[in-house]
Amino acid sequence: MSKGTLQVTMDGPVATVSMSNPGRRNALTSRMWRQFAGVLAPLAEDPAVKAVIIRGGGEDFSAGADISDLKAILHNPDNGLHDGGDVTAGEEAIAAFPKPVIAAVDGYCLGGAWQVAGACDFRLASDRAVFGITPAKIGIVYPLSGIQRLVRLAGPGAAKYLLFSGDFVPAEQALRLGLVERVIPQADFWTDVASFAHRLAGRSQLSLQAMKELVDIIAVPGSRNALEEASNRWQENMAAAPDPVIGVRAFLAKEEPVFTWTGPGHASSTITAGTPKDEEEAR
């Protein structure tokens with residue numbers, strides 16, 4: 001049985017993580033689910049990496065968790081239940097990644113593969129993409145983390161329709177249901193995905209990383225204390241960062257800004273002398 005693997009390639013500031021399990025529509029084995037944390041950790045720490053694309057190798061995103069390995073994949077050693085295990089660990093590693101993550105969905109995105117796509121910040125689909133969330137077809141309960149994320153993104157009605165029926169839905173219907181943010185003609189798909197990723201990579205990492213954390217906290221009810229703490233922390237980061245000065249100067253000069261903040265603690269995150277007059281004029 002193929003064990004599959006995650007493969008990383010670089011295109012300037014954009015890293016692409018490819019799920020590869022040839023001949024199995026990139027079905028995700030327990031090994032592959034566990035690899036997400038290890039693959040993403042160095043990308044999170046690398047200041048040269050500004051955005052990540054997750055895709056399937058070949059013609060499909062992924063057929064989901066490898067059914068032949070399902071019991072091991074879903075087993076949670078902490079409680080002995082089969083309520084997420086490696087799947088939830090992989091999903092949470094993607095969701096916790098501090099930089100923008102794009103799911104590039106071409107072909108089939110089925111079962112547990114939705115948890116990969118759902119944990120990303122954006123889901124861009126080709127017009128030949130097909131989505132299906134299929135636990136009711138094999139008699140299992142979908143992992144709680146995946147249900148929660150699905151309800152937040154699509155709402156309870158759409159979540160029940162997808163989970164109960166297991167129906168496969170084409171890209172345009174997935175867009176209407178809230179599963180994806182954009183559907184792109186297949187002929188332009190990979191060019192448009194790369195263009196979007198590089199556009200994000202050119203934005204202020206301070207802005208993107210701050211707003212990603214704040215939006216994710218806001219999306220979870222009852223997190224007021226965490227939200228205030230995060231907001232205060234990011235305001236302190238902004239006060240000490242070079243990006244606001246760089247952005248204001250570029251705006252006034254009608255130039256593209258070249259931001260230098262790469263994360264708390266990095267040398268390039270130290271502020272340079274600002275120009276109060278410039279900042280006032282930009283308001």
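**Setting up.** I am working with a predicted model, where local features need pLDDT of at least 70, side-chain atom pairs count only at pLDDT 80 or more, and totals for chains, interfaces and linings use all residues. Residues are numbered from 1 along each chain as its sequence is written, and side-chain values use heavy atoms, with hydrogens and water left out.

**Entry on the sheet.** I looked up the strand order and found an open sheet of three strands, E5-E7-E8, with mixed pairing. Its edge strands are E5 (108-110) and E8 (169-170), each pairing on one side only. For my own reference, strands (E, at least two residues) and helices (H or I, at least four) are DSSP runs numbered from the N terminus. Two strands pair if DSSP finds at least two bridges between them.

I then checked E5 against E7 (residues 130-132): they pair in the parallel sense, over three bridges. Leu 110 stands opposite Gly 132 in E7.

**Entry on the loop.** Next I went to the loop between strand E2 (14-20) and helix H1 (30-45), where I found Arg 25. Its phi is near 50°, a positive value in a residue other than glycine. Asn 26 lies in the loop between E2 and H1, and has a positive phi of about 60° although it is not a glycine.

Are these residues buried or exposed? I noted the cut-offs: buried is under 20% relative accessible area, exposed is over 50%, and partly exposed is in between (1.4 Å probe, protein chains only). Arg 25 is partly exposed, because its relative accessible area is 44%. Asn 26 counts as buried, because its relative accessibility is 4%.
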